[in-house]
Amino acid sequence: MQALLQLASAHFCLLLRLGMLKGDQEQLVAACGPGSSLRALLAAPEVFMAGVGVTKDAQLLADQYGFTVRGILELAPFAQQKGAGLRTLCRTVLSRELPKVHSIRCGDWLAQPLSAEQVNYAALDAEAGRQ
C-alpha cells in the first residue's frame, strides 16, 4: 500500500498519508475521487513526479487509487550512471548531503503520528527529487 505521497514545489512540501484514508471511503473519495484537486494536479502535464523510483510510485498510485500521473521524470537511470541512488545524486549534482538513515527510511510509515524525523526525512527526500 502506498503509505505516503510526497509533493514538493519551490515554496512548500506536502506529505499526504493516502494509506490512512483506505478505511474511510468518504474521505478517500473526497481526497482522491473524480474532480479532486489531487487527481487534477497529478494529471496535469506541466506537473512532474521526479525522483529515483517514481515510475513504480506512479504505477502504485494508478493501481491503488486510480490516479493518472502524466509527468514522470525517472532519475534511476541517471543515478545508476553515478553508481547509486538519490543520496549520491544529491552529493554529486547538488553538492549537498541527503541523510538516508536506515531506521527512518525503513520505519513504520503507517504509524500514527509520524515522528518528526520521518516528516523531516520525507520532506527532504521530496525536495531533493524536485531539485
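These legends go with a set of close-up views of a predicted model.

View 1. Let's start with strand 3, which covers residues 48-51. Met49 and Gly51 sit on its covered face, while Phe48 and Ala50 make up the uncovered one.

**View 2. Strand 3 meets strand 4.** Here strand 3 runs parallel to strand 4, residues 71-74. The two are joined by 4 bridges. If you want one spot to look for, find Phe48, whose bridge partner in strand 4 is Gly71. Now bring helix 3 into the picture, residues 54-65. Together with strand 3 and strand 4, helix 3 makes a right-handed β-α-β unit.

**View 3. Inside the largest nonpolar core.** This core has 15 residues. Which of them touch the most other members? They are Leu5, Leu18, Leu38, Leu42, Leu61, Tyr65 and Phe67. Strand 1 (5-8), helix 1 (25-32), helix 2 (37-43) and helix 3 each give two or more residues to the core. Helix 3 supplies the largest share, with 4 residues. As a general rule, nonpolar side chains in soluble globular proteins tend to be buried together.

**View 4. Around Leu38.** Zoom in on Leu38 and skip its neighbours within four places in sequence. What is Leu38 in contact with then? The list is Leu5, Leu7, Leu16, Leu18, Ala31 and Phe67. Apart from the core in the previous view lies another one, of 7 residues. Among its members are Ala3, Ile104, Leu114 and Tyr121.

**View 5. Tyr65 and Phe67, an aromatic pair.** A search of the whole structure turns up 1 aromatic pair, and here you see the rings of Tyr65 and Phe67. Their centres are 6.1 Å apart.

**View 6. Ser36 in its loop.** Look between helix 1 and helix 2 and you'll find the loop that holds Ser36. Is Ser36 buried or exposed? Its relative accessible area is 6%, and buried means under 20%, so Ser36 is buried. Leaving aside neighbours within four places in sequence, Ser36 is in contact with Ala30 and Ala31.

How values were computed:
Residues numbered from 1 in each chain as written. Predicted model: local features only at pLDDT ≥ 70, side-chain atom pairs only at ≥ 80, totals over all residues. Heavy atoms only, no water. Buried < 20%, exposed > 50% of the residue type's maximum accessible area, 1.4 Å probe, protein only. Pairing = 2+ DSSP bridges. Right-handed = clockwise from strand over helix to strand, strands pointing away. Core = buried A, V, L, I, M, F, W, Y, C linked by side-chain atoms within 4.5 Å. Contact = heavy atoms within 4.5 Å. Phe/Tyr/Trp six-rings, centres within 6.5 Å; stacked < 30°, edge-to-face > 60°.
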